[in-house]
Amino acid sequence: MVTKENYEEYLILQADGELSPHEEQELLAFLDRNPQLKSEMATYESARLLPDLSIQYGNKKALIKPESGTRFIGLINWRSYGIAAGIALLIIISGLVFNKAGKNGTDNNNTALNNPIENHANPIAPQITTLSPSVTPSPHTPQKTIARVPGSATGIQKVNPVQNNIYAATVPSKTPKHLHKEPVNNYLPQHGREVMDAVSSLPVAVLNEMPLRETKDKNLSIPPINTSLPQFAAVAENTGNKRSFIEKLPVDDVKKQGLEKLANSIGNTLDQIGSIKQEIKDNSITLEIRNRKLVISF
Amino acid sequence: MEAKEYNVCVKEWADALFRFACKCTGQASDAHDVVQASFEVLWQKRKDVAFEKAKAFLFQVAYRQSVDQYRKKVKVVFRERPEETFTPGNPDLKKMLDRALSLLDEQARALVLLKDYEGYRYEEIAQITGLTETQVKVYLHRARKILKDYLVSVEKIV
């Protein structure tokens, strides 16, 4: 209960906002009965401090800590990022093309594929694209062809690799009996037959990764076959002097072909990038994220 | 409390903490150090302090730092506050209250600031300052009387 002895405590509690609603009603009733104390109540109310909002801490940035997981997307240097992305894309594409060319180079050993016996009526030659950029991938590992020479110690002689073109008959090692039943040159294209004619009288065996010895029999030497390369010749004509550098390189033809294809791919990619760049310059880019559109004009 | 919430604390309460420290220490440079130290302690203890309790924690640290700094300075240098004369043309209530506040000791001043600036209740002030609720109530009542008496005396002069 508010009295003249304790009213000041109630006034302070009222100024501090610590009175309950019931106590507040009691105090107001007391002040109504003693109006001369209302000025004292007003003095306590005015003695409350108010914060000066103009005083602010000016070094908040130094207190801010980095938040993990926060990602900032910088759009200021987006041109630089675009160029970097284009270069990275070019490198990736070049790598893919180079790998493909390398694989084609290994498959481009003109390895003749033999079909099962049931299909040997159809020569395998038409299925082989000789020195073509797109070579049918061989399901078999390329194997080395050796000729069995009567009278030799092992009876096996290595066939000299043919310059420029190697026409080797590859027979699955699981079916070596085919070699004895069917002449190998039936599976070969025209040039392959010429090669194999030299050893036609000899049985042929196929060994996987077997150490080979050079033949000393000159009769078994295979004459080089100069086969024109119509497809690559056409490519060379189209590319003109640009390919002359590649042709002069001291590497074998397979690698040259790979380099030519790589150069063609890079050229095409550069052309595409140039066209995209021109389109970007001619038009504006519109990014639509959810319901918001960002239009960038040049 | 995560770093993100800590940064929210900085944005929300750095100014209030600085104002509190300014009034407690009487020096902006000291208040700057108090704010920096308070947030540094909060950052170190962020794993133990919930976001809802962060403000009270900050003021608790700032209160202790401010009181310690004030007491340390009073021990080193005694500076008598120049008595300002009041003229009828300078009846600014805010300035009068600032002067009245300087009459309080560091603890009573901090209690008044916590009550008036931040609106804490007695119970919360007791938690921040480490006093009992009764002590807070008694100290605050004394401080209010001093402020009121000062204002009344000034009004009489004016």
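Predicted model: local features only at pLDDT ≥ 70, side-chain atom pairs only at ≥ 80, totals over all residues.
Is K4(A) buried or exposed?

View 1. K4(A) is exposed, because 9 other C-beta atoms lie within 10 Å and a residue counts as exposed at 12 or fewer. The view also includes N34(A), which is 30 residues from K4(A) along the chain. The C-alpha atoms of K4(A) and N34(A) are 9.3 Å apart.

**View 2. Crossing of helix 1 (residues 7-16) and helix 2 (residues 21-33) of chain A.** The two helix axes come within 11 Å, with a crossing angle of roughly 125°. Helix 1 of chain A is therefore oblique to helix 2 of chain A. The crossing of helix 1 of chain A past helix 2 of chain A is left-handed.

**View 3. Residues at the contact between helix 1 and helix 2 of chain A.** Helix 1 of chain A contributes Y7(A), Y10(A) and Q14(A). These residues meet E23(A), E24(A), L27(A) and F30(A) of helix 2 of chain A. Sorted by class, the contact comprises 4 nonpolar, 1 polar and 2 charged residues.

**View 4. The side of chain B that touches chain A.** In this interface, 31 residues of chain B are in contact with 23 residues of chain A. Five elements of chain B each give two or more residues to this side: helix 1 (3-25), helix 2 (28-44), helix 4 (93-102), helix 5 (106-116) and helix 7 (133-157). Helix 1 of chain B gives the most, with 11 residues. The class composition of this side of chain B is 20 nonpolar, 2 polar and 9 charged residues.

**View 5. Confidence along chain A, as given by pLDDT.** Chain A has a mean pLDDT of 66, and 45% of its residues reach 70 or more. Among the elements of this chain, helix 2 of chain A has the highest mean pLDDT, 90, whereas strand 4 (residues 168-170) of chain A has the lowest, 43.

**View 6. Two stretches of chain A with pLDDT below 50, residues 203-215 and residues 227-236.** Over residues 203-215 of chain A, the model has 33 contacts beyond near neighbours in sequence. For residues 227-236 of chain A, where pLDDT stays under 50, the model has 12 contacts beyond four places in sequence.

Technical notes. Residues numbered from 1 in each chain as written. Chains lettered and ligands numbered in written order. Contact = placed C-beta atoms within 7 Å. Helix = DSSP H or I, 4+ residues; strand = E, 2+ residues; numbered from the N terminus. Nonpolar A, V, L, I, M, F, W, Y, C, P; charged D, E, K, R; others polar. Axes fitted to C-alpha atoms, helices over the stretch in contact; angles between N-to-C directions. Parallel < 35°, antiparallel > 145°, perpendicular 65-115°, else oblique. Left-handed = near helix turned anticlockwise from the far one by under 90°. pLDDT = per-residue confidence, 0-100. Buried ≥ 20, exposed ≤ 12 C-beta atoms within 10 Å, placed from the backbone.
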